[in-house]
Amino acid sequence: AVAEWIASGAKIHSIRDHPNHDRPLNGGLWGGTKRSVPGIARRIDEFANKGSYGGDLQFLNSVVWPIVKRDQLSHDAYTCHKYPNARPFPTKRPTNYQHVGQVFNDRDEPRMADINGFIRNRPIPPKCRKHPDWKYG
């Protein structure tokens, strides 16, 4: 995914590979080139809701996304039809349904509710499949 982003020349890269990633940018699942978000330090300082739960997502999607949406590339497993410059996720999902951004507990075990409740046996839309036979990623 990263090699494809670098080759694209886009300033920002993001990943959406879980049904709950249905937003333009997700905390921890995006990155960019130097100066891709001009004045980001000032923008963070000025953002009022940065200390609340979900404040990072509000900041990313209300402040950062409008600046970068035309110069970004994303890899998306479920909502590739919704966001500009989205491409199918480039690698096949492991049979245990692990995903980027997966939450683990203090014993390094995956939070199974995120898998069993949202991904397991949920087919990826055909448009979002890198290969037609990757039904579950």
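**From one residue to the whole fold**

Reply: Leu-73 has a relative accessibility of 4%, so it counts as buried, the cut-off being under 20%. Please keep in mind that this is a predicted model.

Me: In which element is Leu-73 placed?

Reply: Leu-73 belongs to strand β3. Along the sequence, Leu-73 and Gly-51 are separated by 22 residues, and their C-alpha atoms are 28 Å apart in space.

Me: How many of the residues of β3 are buried?

Reply: Five of the five residues of β3 are buried, and the strand is thus mostly covered. The cover extends to both faces: Gln-72, Ser-74 and Asp-76 are buried on one side, and Leu-73 and His-75 on the other.

Me: Which strands make up the sheet, and in what order do they stand?

Reply: To read a sheet, one follows the order of the strands and then the sense of each pairing. Here four strands form an open sheet, ordered β2-β1-β3-β4, with mixed pairing. The edge positions are held by β2 (30-32) and β4 (86-88), each of which has a single partner strand, so one side of each has no neighbour in the sheet. On average, neighbouring strands of this sheet are turned by 20° against each other, direction ignored.

Me: In what sense do β1 and β3 pair, parallel or antiparallel, and over how many bridges?

Reply: Strand β1 (residues 12-16) and strand β3 (residues 72-76) pair in the parallel sense, over five bridges. Individual partners can then be assigned: Ile-12 has Gln-72 of β3 as its bridge partner, and Ile-15 stands opposite His-75 in β3. The pairing of β3 with β4 is also parallel, over three bridges. There, Asp-76 has Pro-88 of β4 as its bridge partner.

Me: Let us turn to charged side chains. How many salt bridges does a search of the whole structure find?

Reply: The general idea is that side chains of opposite charge can pair when their charged atoms come close. In this structure the search finds eight salt bridges. One of them joins the side chains of Lys-130 and Glu-4, with an N to O distance of 3.7 Å.

Me: How many residues apart in sequence are the parts that Lys-130 and Glu-4 tie together?

Reply: Lys-130 lies in the segment after α4 (112-116), whereas Glu-4 lies in helix α1 (residues 2-8), so the pair ties together parts that are 126 residues apart in sequence. Lys-130 is partly exposed, with a relative accessible area of 37%. Glu-4, at 23% relative accessibility, also counts as partly exposed.

Me: Where do Glu-46 and Arg-42 lie?

Reply: Both Glu-46 and Arg-42 lie in helix α2 (residues 40-46), four residues apart, which is about one turn of the helix. These two residues form a salt bridge whose closest N and O atoms are 3.3 Å apart. Glu-46 is exposed at a relative accessible area of 56%, while Arg-42 is partly exposed at 43%.

Me: Which residue forms a salt bridge with Glu-109?

Reply: The partner of Glu-109 is Arg-107, and their closest N and O atoms are 3.1 Å apart. Glu-109 counts as partly exposed at 35% relative accessibility, and Arg-107 as exposed at 57%. Elsewhere, salt bridges that share partners join Glu-4, Arg-87 and Lys-130 into one network.

Me: How much space lies in the largest cavity, and which residues line that cavity?

Reply: The count comes to one cavity of 30 Å³ or more. The largest cavity holds about 40 Å³ of space. Its lining consists of Ala-77, Phe-89, Thr-91, Ile-124, Cys-128, Arg-129, Lys-130, Trp-134 and Gly-137. By class, five of these lining residues are nonpolar, two polar and two charged.

Terms used:
Residues numbered from 1 in each chain as written. Predicted model: local features only at pLDDT ≥ 70, side-chain atom pairs only at ≥ 80, totals over all residues. Heavy atoms only, no water. 1 Å grid on protein atoms, 1.4 Å probe; cavity = no way out; pocket = protein on both sides within 12 Å on 5 of 7 lines; lining within 4 Å. Points joined across faces, edges and corners; volume = space filled by probe spheres on them. Nonpolar A, V, L, I, M, F, W, Y, C, P; charged D, E, K, R; others polar. Pairing = 2+ DSSP bridges. Helix = DSSP H or I, 4+ residues; strand = E, 2+ residues; numbered from the N terminus. Axes fitted to C-alpha atoms, helices over the stretch in contact; angles between N-to-C directions. Salt bridge = Lys/Arg side-chain N within 4 Å of Asp/Glu carboxyl O. Buried < 20%, exposed > 50% of the residue type's maximum accessible area, 1.4 Å probe, protein only.
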